[in-house]
Amino acid sequence: MTAQEDLEEVKINEELPVIPLKELVIFPYLVVPLLVGRPKSVEALEEAMRTDHVVFLVAQKQQVAEEEDPNPDDIFEVGTAATVLQVLRLPDGTARALVEGLARGRIVEFTQTEAFLKARVEQMTPPVERRKEKTIELEALMRNAVNEFEHAAQLGKPIPSEVIVAALNLDEPGRLADFIAFHLSLKTSERQEILEAGDPAERLEKVVDFLSREIEILEVGGKIRNKVEERLGKTQREYFLREQMKAIEEELGGEGGLSETDELSQKVEEAGLPDEAREKALKEIDRLSKMSPVSAEAPVIRTYLDWLIGLPWKKSSKEKLNIKRAETILNEDHYGLNMVKERVLEFLAVHQLSKHTKGPILCFVGPPGVGKTSIGKSIARSLGRKFIRMSLGGVRDEAEIRGHRRTYVGALPGRIIQNIHQVGTKNPVFMLDEIDKVGADFRGDPTAALLEALDPEQNNAFGDHYLEVPFDLSDVMFITTANMLDTIPPALRDRMEVISFPGYTDDEKLNIADKFLVPKQLKEHGIKGARLSISKDALTEVVREYTREAGVRNLEREIATVCRKVARQIVEGKKRNVRVTKKNLGKFLGVPRFTYGMAEEKDQVGVATALAWTEVGGDILSVEATIMKGRGNLTLTGQLGDVMQESAQAALSYTRANAEKLKISQKYFKDYDMHIHVPAGAIPKDGPSAGITIATAMISALTGRPIHKEVAMTGEITLRGRVLGIGGIKEKALAAHRAGIKQIVLPAENRKDLEEIPSHVQKDVKFSFVETMDEVIDLALDAPVVEKSIPVTKTETK
């Protein structure tokens, strides 16, 4: 049956397959194409094709419009029974159908919900418009609806002309209301409201209301376009959009506030700019007011003014400096580093007494992971100031520091001004990290630009290329960090006071791990303290054999590894409480990665123990000397640097010059070769401090006198046999103590360094201070062993 037949003859079955529709309402007597994609809907369509080709189409409620498998509560009760005219099945399992609405219906109850939806449908009151006489009111409504529909099309509503012609030819009120409603841009709920209205007059009234609203919107849009077109002419699209917004505001009756230039001028007055900056800002505002809003330079000026006004010209953080509180904060945040803390507290004390004194720029120098950056954060916390960290690693462009001039596209201030703008105060603690890694290329030298910022005599008028007015940086507390001083230009280094971070000793690392790192990792991994305990012997093993560093970053990583493995055991239910000891540490961290230097097991000829300083602390080295038949050559192996090779030459010259006193024949320097080797050949070694150790090993090899295994030594040797002072005494002494050394021979010049050595080390180790090699030989060499001495001929003995 089709819509061409009498309306009263349209009958629908009581039970029909149901297809829910997304954001679509089908009206009777309209032919509509559908894309059916959901499996249940495809099955319902197949069921209709197997029976009488009739299906019930009903819309989903808006709040569940995207639901892919709607249940009966997700769809409206009223829908349209439609006949399926054509079906085209697609390869992807979906189908295209052409349907024609038959009559309105209401779902009484669902009889099936599994394979597809099926419901008992009650046909709504059959339309009787054809038999009913049209009243004057109904005729007026129909004409009004058609006229409004045509008017909407004339105002720009995209309605095809054939649709208008079809509407003019409809003489039944109900069908006219449904036809117009289908072609209007209505919400699903509004179309459903029309579908559910049974009386044709009521439907027409609703449609006319919707048409009136649509025409009003179209008329307002037309007015806005007309106003804009009158003002716009042939200007650019951006200008059109701006004017359209103004017209919308006028149409809505809104009252405009201050103009853009007035608002900017007010902000300048409120910002408290210095005279020079204020004059510059007002000049730029005046330029902005005289140029077209679509000018290419207008947004550049606006951005510049935003930066200028947004800087904290007068806003400062209120200081709460208390020297005792500062000391407490430093001790809470860091273990050890006593000399560093003392110098920082001295700096803060001077700052508290004379707040306007131009203090020095501090430069923290030390290996990675020793707490340089965190000390800066602690200083900011103790002062009550905000903290900024800016990494300079890899910076090669001067404009990164000073900014670009505004003539460049996309110009911005330098990173110093950007960070000051971001933090919002003029007196933060500003840390310039990795200042030793700044590079230079064809774009300029950033370190040259830093000279002005880091000079207390000049930084009260720091010039940024973008701002074009000076900014006062004298209230900023600059702190720089570096791993080494060699790469910092002398002019920049001269402006900073260097504070050296020596690196942590093993004892300090052990305390840091026990008091800070282990509790921190337990908290981060969600392990309660009672569930995991790590013995001090295990922590010592981790420090010595699983890490080799000056700081504690790798130590923290290894502790985190233990925590992860324990966390897994706890979650899997294998263990409730775990104790990590030296014996079971390998189960968590695997095979030790490093070997630790230990003292020799017995006295030996030609083997002396030296003390070395490295970036990761102190260590002990064995220096081996041996002689063989040859021509008096000296061979040095073990990746020795130039300075260390020169020390070996000096030691050999001293030995030859004092051969008679040492009871060594000169002939052995001609007929025998000397070979000096320092084990761990893959590791480069250098420095003068092994001079007396090399000389002692040489003399032992030539005289056959063993060297005491419990004696270690360090010091520079001269040709006259004097022993000169060296550095790194604390680290070397701790390394010797760890290795089981009982006596350390040091230059007399280093007696003052004994204060830095922990008391428990001084108690366990004897420190002997010497001035000449004679004293070293007396302390280090034992009585000669005849069977290991050099064979001496009778002539030589005489």
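Is Asp455 buried or exposed? At 11% relative accessibility, Asp455 counts as buried. The legends below describe close-up views of a predicted model.

**View 1. The salt bridge between Asp455 and Arg495.** The closest N and O atoms of Asp455 and Arg495 are 3.5 Å apart. This pair links distant parts of the chain, 40 residues apart. Asp455 belongs to the loop between α16 (446-453) and β10 (462-463), and Arg495 to the loop between α17 (490-493) and β13 (496-500). The buried state of Asp455 follows from its relative accessibility of 11%, because buried means under 20%. Arg495, at 24% relative accessibility, counts as partly exposed.

**View 2. A network of salt bridges.** Side chains of opposite charge can pair when their charged atoms come close. Over the whole structure, a search finds 41 salt bridges.

**View 3. Glu47 and its partners Arg50 and Lys118.** The side chain of Glu47 meets that of Arg50 in a salt bridge with an N to O distance of 2.8 Å. Both residues lie in helix α1 (residues 39-50), where three residues, about one turn of the helix, separate Glu47 from Arg50. Glu47 counts as buried because its relative accessibility is 15%, whereas Arg50, at 52%, counts as exposed. A salt bridge also connects Glu47 with Lys118, with 3.7 Å between the closest N and O atoms. This pair links distant parts of the chain, from Glu47 in helix α1 to Lys118 in strand β6 (residues 117-123), 71 residues apart. Both Glu47 and Lys118 are buried.

**View 4. The side-chain contact between Lys22 and Glu68.** Lys22 is located in the loop between β1 (15-21) and β2 (31-36). With a relative accessible area of 34%, Lys22 is partly exposed. In sequence, 46 residues separate Lys22 from Glu68, and their C-alpha atoms are 9.4 Å apart in space. The side chains of Lys22 and Glu68 are joined by a polar contact of 2.6 Å.

**View 5. Nonpolar cores and the surroundings of Leu34.** The largest nonpolar core comprises 62 residues. Within this core, the residues with the most contacts are Leu34, Phe56, Leu57, Val99, Phe149, Ile180 and Leu204. When residues up to four places away in sequence are not counted, Leu34 touches Leu21, Leu24, Ile26, Leu57, Ala95, Arg96, Ala97 and Val99. Another core, of 51 residues, lies apart from the largest one and has Leu348, Leu362, Ile512 and Ala513 among its members.

**View 6. Strand β9 and its parallel neighbours β8 and β12.** Strand β9 (residues 429-433) is mostly covered, with five of its five residues buried. Val429, Met431 and Asp433 point one way from β9, while Phe430 and Leu432 point the other way. Strand β8 (residues 387-391) runs parallel to β9 and is joined to it by five bridges. In this pairing, Ser391 stands opposite Asp433. Strand β12 (residues 477-482) also pairs with β9 in the parallel sense, over four bridges.

Methods. Residues are numbered from 1 along each chain as its sequence is written. This is a predicted model: local features need pLDDT of at least 70, side-chain atom pairs count only at pLDDT 80 or more; totals for chains, interfaces and linings use all residues. Side-chain values use heavy atoms; hydrogens and water are left out. A salt bridge is a side-chain nitrogen of Lys or Arg within 4 Å of a carboxyl oxygen of Asp or Glu. Helices (H or I, at least four residues) and strands (E, at least two) are DSSP runs, numbered from the N terminus. Buried means under 20% relative accessible area, exposed over 50%, partly exposed in between (1.4 Å probe, protein chains only). A nonpolar core is a set of buried Ala, Val, Leu, Ile, Met, Phe, Trp, Tyr and Cys residues joined through side-chain atoms within 4.5 Å. Contact means heavy atoms within 4.5 Å. A polar contact is a pair of N or O atoms within 3.5 Å; within protein, one must be able to donate a hydrogen and the other to accept it, and residues adjacent in sequence count only if both atoms are side-chain atoms. Two strands pair if DSSP finds at least two bridges between them.
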